[in-house]
Amino acid sequence: MTLTIPASTTACWATSGTGCWRRGGRTGSLGLALARLEEAGLVRGRTTQRTDSTHVLAAVRDLTRLELVTEAVRAALEELARTAGHALEGLAGDDWGRRYGRPVRLGKNPTRPKTRINEAGADARRLIEHLAASHPDLLHAPQVEALRQVMVQNYHWDSAGRGQVTRWTGYLAHVTETCCADGPNVITDVATMPATSADTLALAGIHDRLEHRGLLPAEHLVDGGCTSLAHMERAGREHQVTLTGPLPGNPTRQHRHQEGYARDDFRTGYDRREVTCPQGQVSRGWHGPYPTSSPDAAPLTVARFTKGQCQPCPAKAACTTSGDGKRTVGFPPRELHELQVRNRADQQDPAWHKRYAVRSGIEGTICEFAHGHGMRHCRYRGQPKAHLQHVLTAIAVNIERLSRRPAGDSTSPRPSTAFQDYLDQHDIQPLRSWRAVN
């Protein structure tokens with residue numbers, strides 16, 4: 001026996017994706033479908049939801065990487081030669097003349113493609129660094145900015161400064177679904193973002209749309225790619241949503257190597273605007289908070305100790321290796337610091353791990369979208385149409401799930417495997433996530 005879906009609901013799902021589609025609230029196709037489910041009592045707000053993302057290949061002609069990068073460098077050089085030729089003095093030589101003196105012409109099998117793409121990447125980096133150092137105003141020229149974007153999308157540099165080629169052609173699809181124990185798992189939001197965007201950039205839009213639909217969760221389970229102090233604080237302040245996920249680790253050398261005095265070993269006195277080191281010295285300077293260059297990072301307050309305090313200290317080698325011989329400690333504002341301390345303490349609690357284990361179920365949903373409905377390949381060109389495809393896919397997944405759900409059954413737990421039953425019979429402890437994920 002299966003769940004009977006009202007004909008009016010099915011009709012709405014079938015037509016709203018084309019006739020009255022609009023991104024956002026209840027007038028969008030997914031919004032209309034969710035409104036019907038809410039009326040039927042199958043989905044509600046202020047429960048628990050989870051989000052994850054996957055890459056989607058764009059339906060575009062894939063220009064060869066070598067041609068793309070080489071032409072981007074040549075276009076930037078053309079622009080600079082036309083408008084600011086003095087900026088190329090001492091930079092463009094015979095090698096650059098051979099590589100970029102005319103439009104690139106590639107056959108089906110270009111010679112030395114790996115070497116040439118590395119050379120073009122090194123040239124592009126040298127050009128951008130030269131402009132940043134000597135002519136920063138030219139970095140905003142259209143073709144130079146386009147070259148910078150090409151570099152961000154196609155290269156990254158390791159800690160030794162060596163260039164590595166990456167591949168980003170398409171989008172990121174972020175899928176959000178309910179995951180409470182007393183109801184079906186329903187897709188509540190799909191976001192389609194550029195492939196080069198960070199996961200955190202999708203969070204604000206997800207929460208805004210869920211609020212407009214009246215389906216904001218009380219707790220939102222996400223992976224480490226979506227967590228930061230700034231986003232956790234904003235989700236709680238603007239939407240009263242608890243964003244749950246592991247925060248990035250402490251990046252200091254002392255914490256990484258588990259030796260010496262890390263930032264957490266210093267006592268911070270916000271009211272007195274001072275920091276006390278493990279040896280009892282009190283900081284002499286308090287500056288900030290300063291905004292950071294990343295929108296995902298919290299602003300930082302900086303406390304400074306003097307050379308007179310640090311040089312004679314017997315624990316100096318365990319505290320700092322800076323050239324001036326004095327320690328500087330950076331930390332977030334009080335409310336964010338307290339949030340950070342609570343989060344890291346929660347992650348040591350087995351109850352937190354049991355609750356967070358529910359997030360892993362979204363991996364099965366991503367697999368369902370990718371392999372069951374072909375979401376990893378766009379059927380249409382352009383991000384708006386790709387997003388429409390993803391919304392209609394989400395509606396199809398919801399229909400399939402609810403159509404297979406037995407009438408009167410509030411949950412559809414994943415059946416245990418034979419091996420799991422064997423472990424239970426012999427009192428062998430399985431992974432804690434096995435019984436938590438549906």
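Predicted model: local features only at pLDDT ≥ 70, side-chain atom pairs only at ≥ 80, totals over all residues.
## Starting with Q340

Is Q340 buried or exposed? Its relative accessibility is 8%, and buried means under 20%, so Q340 counts as buried.

Who touches Q340? Setting aside neighbours within four places in sequence, Q340 is in contact with L229, L247, R263 and P332.

## The largest nonpolar core

Now for the greasy part. The largest nonpolar core holds 43 residues, and L37, I187 and F369 have the most contacts inside it. Several helices and strands each supply at least two residues of this core, among them α2 (29–39), β4 (170–178), β5 (187–194) and α12 (334–346). Which helix gives the most to this core? That's α15, with 6 residues.

Take a look around I187. Leaving out neighbours within four places in sequence, I187 is in contact with L30, L34, V175, T176, E177, T365, F369, A394, V397, N398 and R401. There's also a second, separate core of 26 residues, including A76, L88, A120 and Y155.

## Empty space inside

Rolling a probe the size of a water molecule over the atoms shows where empty space is left. Here, the count comes to 2 cavities of 30 Å³ or more. The largest cavity contains about 130 Å³ of space. It is lined by 15 residues, of which C277, Q309, C310, C313 and C319 are the closest to its centre.

What is the lining of the largest cavity made of, by class? It has 9 nonpolar, 4 polar and 2 charged residues. Helices α10 (307–310) and α11 (316–319) each supply at least two residues of that lining.

How values were computed: Residues numbered from 1 in each chain as written. Heavy atoms only, no water. Core = buried A, V, L, I, M, F, W, Y, C linked by side-chain atoms within 4.5 Å. Buried < 20%, exposed > 50% of the residue type's maximum accessible area, 1.4 Å probe, protein only. Helix = DSSP H or I, 4+ residues; strand = E, 2+ residues; numbered from the N terminus. Contact = heavy atoms within 4.5 Å. 1 Å grid on protein atoms, 1.4 Å probe; cavity = no way out; pocket = protein on both sides within 12 Å on 5 of 7 lines; lining within 4 Å. Points joined across faces, edges and corners; volume = space filled by probe spheres on them. Nonpolar A, V, L, I, M, F, W, Y, C, P; charged D, E, K, R; others polar.
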